[in-house]
Amino acid sequence: MLKKTVRLAIGGIALAAAMPFAAHAADHGHGHEVHWSYEGAGAPIHWGDLKSEYAVCKDGKSQSPIDISDAQSGDLEAISFDYANAAADEMVNNGHTIKVSFEPGSSMSLNGKTYQLLQFHFHSPSEHTIDGQAADMVAHLVHKADDGQLGVVGVMLNEGAENAVLAPLWAQMPKHNGDEVYLEGDAAKVDLTGFLPENAAYYNYSGSLTTPPCSEGVNWLVLQNPVSVSAEQVAAFTALFPKSTRPVQPLNGRSISASH
């Protein structure tokens, strides 16, 4: 199968939209290989059997997402966010979600360790549930530390007022698999500080990527308090991605901590 290249004119600039996707994006193989998806032959229950690199999706003992319940209150350090200069680079429809990549310079720090912001993407409904309840959407802010560990901040989004941070991005949302938008001007100035809830208390546990290859060792920080997103914004996303959520996985004895 040839990779499809789409030409888009954004701000008067034509660009090619073929790009390599991150590990959690679609696996574009050849022939009749079944690609991972959220339904049918490539559905989550089959991920671990699609290829050997995905085996941990079924064999792993620290998989994500999970249902967050019985969290133990602890004296956890507050997350320090350095998002003041967050500059979005590009937005891509990778066939599974909308992903917005960021230029270097934004980070979060916790317990003396700094994680650089790479990108954020979305699922609807949320993949993690809290006491069995999913949010209408979730944003996963993916960070990476110098030692290679991923730290993912989950921001729950519930229907309410329009989300002003997402509005300029949604206005340019790429509609087709493989389409890419180069962000510039106001659209590139993503106010991630304003995207976070005022109270950034969080749940913390050790998990995995929620898409193949389901790699473990991910430091998950799921914020306890949601922010708002309009019903129209949710509908715009789900019109493109009717299914984008992996079912919750067994806890397998892992502990969940809750900050104050």
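Reader: Is Gly 74 buried or exposed?

Author: Gly 74 is buried, with a relative accessible area of 17%. Buried means under 20% relative accessible area, exposed over 50%, partly exposed in between (1.4 Å probe, protein chains only). This is a predicted model: local features need pLDDT of at least 70, side-chain atom pairs count only at pLDDT 80 or more, and totals for chains, interfaces and linings use all residues. Residues are numbered from 1 along each chain as its sequence is written, and side-chain values use heavy atoms, leaving out hydrogens and water.

Reader: Where is Gly 74?

Author: Gly 74 sits in the loop between strand 4 (72–73) and strand 5 (80–82). Strands (E, at least two residues) and helices (H or I, at least four) are DSSP runs, numbered from the N terminus.

Reader: What does Gly 74 touch, beyond residues up to four places away in sequence?

Author: Ala 258, Ser 259 and His 260. Contact means heavy atoms within 4.5 Å. Gly 74 and Ala 258 are 184 residues apart along the chain, yet their C-alpha atoms are separated by 5.9 Å.

Reader: New topic. Where is His 128?

Author: His 128 is in the loop between strand 9 (113–123) and strand 10. His 128 is buried, at 2% relative accessible area.

Reader: Which side chain makes a polar contact with His 128?

Author: That of Tyr 205, at 2.6 Å. A polar contact is a pair of N or O atoms within 3.5 Å; within protein, one must be able to donate a hydrogen and the other to accept it, and residues adjacent in sequence count only if both atoms are side-chain atoms. Leaving aside neighbours within four places in sequence, His 128 also contacts other residues, including Ile 68 and Trp 220.

Reader: What is the strand order in the open sheet of three strands?

Author: The order is 3-10-11, with mixed pairing. Strand 3 (67–68) and strand 11 (133–134) are at the edges, each with a single partner, so one side of each has no neighbour in the sheet. Two strands pair if DSSP finds at least two bridges between them. Strands 3 and 10 run parallel, joined by two bridges. Ile 68 has Ile 130 as its bridge partner in strand 10.

Reader: How many residues are in the largest nonpolar core?

Author: It has 42, and Val 155 is among those that touch the most other members. A nonpolar core is a set of buried Ala, Val, Leu, Ile, Met, Phe, Trp, Tyr and Cys residues joined through side-chain atoms within 4.5 Å. A second, separate core of 15 residues includes Tyr 205 and Ala 258.
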